[in-house]
Each structure stands twice: as structure tokens, then as C-alpha cells.
Amino acid sequence: MSEHPHETQVATGAYDCACLCGAVRFELKGPLDEVVLCHCTMCRRGNGGAFNVAVVVRSDQVRFESRDHLKEYESSPGKFRAFCGACGSPIYSRRDSLPQALRLRGGLIIDLPAPAHMRHIHRDSRWPWVDSIEDAPKIAGQG
Ligand SMILES: [Zn+2]
Ligand SMILES: [Zn+2]
């Protein structure tokens, strides 16, 4: 773990990751240096959110401890979106054409550090109001 958690830097630690129910668990090893924020309609449906926070890693950075309920859905030819079949948490996406690459769902990483590199993609598909979410009232707890 970093001694300076608020600095933007390449995260080199190891992270324990799990789906909501814990049936899919894995350890992720850094470096985590790129996050892609995808606003496409498929990612929004597949993640149930305003956009997908995808942490770009190599598959050899991920060591599964439990994947009994891991399921993959082929959302486009050669592109697979993995999720937990028990609780439905999105886990990662991958492409057959890029066998070494995984795009992990950022929400699985409780202490996801600020990435060194971040970019929005398919931004033209976003909800137009998503740019103003920082302006909404901020309430600690469930409000
Ligand atoms: Zn689960
Ligand atoms: Zn997308």
C-alpha cells in the first residue's frame, strides 16, 4: 500500500477483490495505471450505472481464488462480459482478439487508487447531465 494514498501515481500494491456475494474472489497485482470510463449504452446496461469504470490490466495480474459462479456473456462477437452468476456483480470484460487484456470492473476494488491515466470513451453516448453529478447535494450516509 502507498504511504501517500491521495497522490495520483502508479499503484503497485496487491488488492483483494470480490463480487457482492463473495462467490467470485481474486487477488489483483499492480501496477494499475489505466482506467477507462466508458459511457456506451451496452456498458451502462451491463453495469447498471451511469458509466463503466474499467480498470485495464493484464490477465496475469489476476489470480482467482474462487470463480465457481463466474459466467461469461458474449455481448458482441468475440467480446465477453463476465459476471457472478450468484449475485450478478459485473466482474470484467475481455476480447478474444486481446487474450492478455482484462477490463476489470472498478467497483470490485474497494480502495481503487486514483489512476495515472484515465480517459472517457464513447462520451457522445453519455447521459448529458452526467457532467453535473458533482453539483448534486452531498450527504454522508443514506440520507
Ligand atoms: Zn457474487
Ligand atoms: Zn462500453
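Predicted model: local features only at pLDDT ≥ 70, side-chain atom pairs only at ≥ 80, totals over all residues.
You can find L102 in strand β9. Setting aside residues up to four places away in sequence, L102 touches V57, S59, V62, Y92 and R94.

Let me zoom out to the whole chain. The protein has 10 strands and one helix. Reading from the N terminus, the order is β-β-β-α-β-β-β-β-β-β-β. The radius of gyration comes out at 15 Å, close to the 15 Å that the globule rule gives for 143 residues, so the protein is as compact as a globular protein of that length. The C-alpha trace spans about 40 × 40 × 30 Å along its principal axes. Of the 143 residues, 24% count as buried.

Now to the sheets, beginning with the one made of seven strands. This sheet is open, its pairing is mixed, and the strand order is β6-β7-β8-β9-β4-β3-β10. At the edges stand β6, residues 70-76, and β10, residues 117-121; each has a single partner strand, so one side of each has no neighbour in the sheet. On average, neighbouring strands here are turned by 25 degrees against each other, direction ignored.

β6 runs antiparallel to β7, residues 79-84, and six bridges join the two. If you want a landmark in that pair, Y73 stands opposite R81 in β7.

Further along the order we get to β3, residues 34-38, and here I'd like you to click on V36. V36 has 20 C-beta neighbours inside 10 Å, and 20 or more is what burial takes, so V36 counts as buried. Which residues is V36 in contact with, leaving aside its neighbours within four places in sequence? They are A54, V56, R103, R119 and I121. V53 is 17 residues away from V36 along the chain, yet their C-alpha atoms are separated by 6.1 Å.

On to the other sheet on my list. This open sheet has three strands in the order β1-β2-β5, with antiparallel pairing. Its edge strands are β1, residues 14-18, and β5, residues 62-67, each pairing on one side only. From one strand to the next, the twist averages 15 degrees.

β1 and β2 make a hairpin with five residues between them, and in the turn G22 has a positive phi of about 90 degrees. Five bridges hold β1 and β2, residues 24-29, side by side in the antiparallel sense. Along this pair, C17 stands opposite F26, and A18 has R25 as its bridge partner. On the β5 side, β2 again pairs antiparallel, over five bridges, with E27 partnered by R63.

In β2 the covered face carries V24, F26 and L28, while R25, E27 and K29 are on the uncovered one.

L28 takes us to the last topic, the core. In soluble globular proteins, nonpolar side chains tend to be buried together. Here the largest nonpolar core has 24 residues, and those touching the most other members are L28, A54, V55, V57, I91 and L104. Two or more residues come from each of β1, β2, β3, β4 (52-58), β7, β8 (90-95) and β9 (101-105). Which strand gives the most to this core? That would be β4, with four residues.

And L28 itself? Not counting residues up to four places away in sequence, L28 touches A14, Y15, C17, V57, Q61, V62, L104 and I109. Thanks, everyone!

Key
Residues numbered from 1 in each chain as written. Chains lettered and ligands numbered in written order. Pairing = 2+ DSSP bridges. Axes fitted to C-alpha atoms, helices over the stretch in contact; angles between N-to-C directions. Buried ≥ 20, exposed ≤ 12 C-beta atoms within 10 Å, placed from the backbone. Contact = placed C-beta atoms within 7 Å. Core = buried A, V, L, I, M, F, W, Y, C linked by C-beta atoms within 7 Å. Rg over C-alpha atoms; globule rule 2.2 N^0.38 Å.
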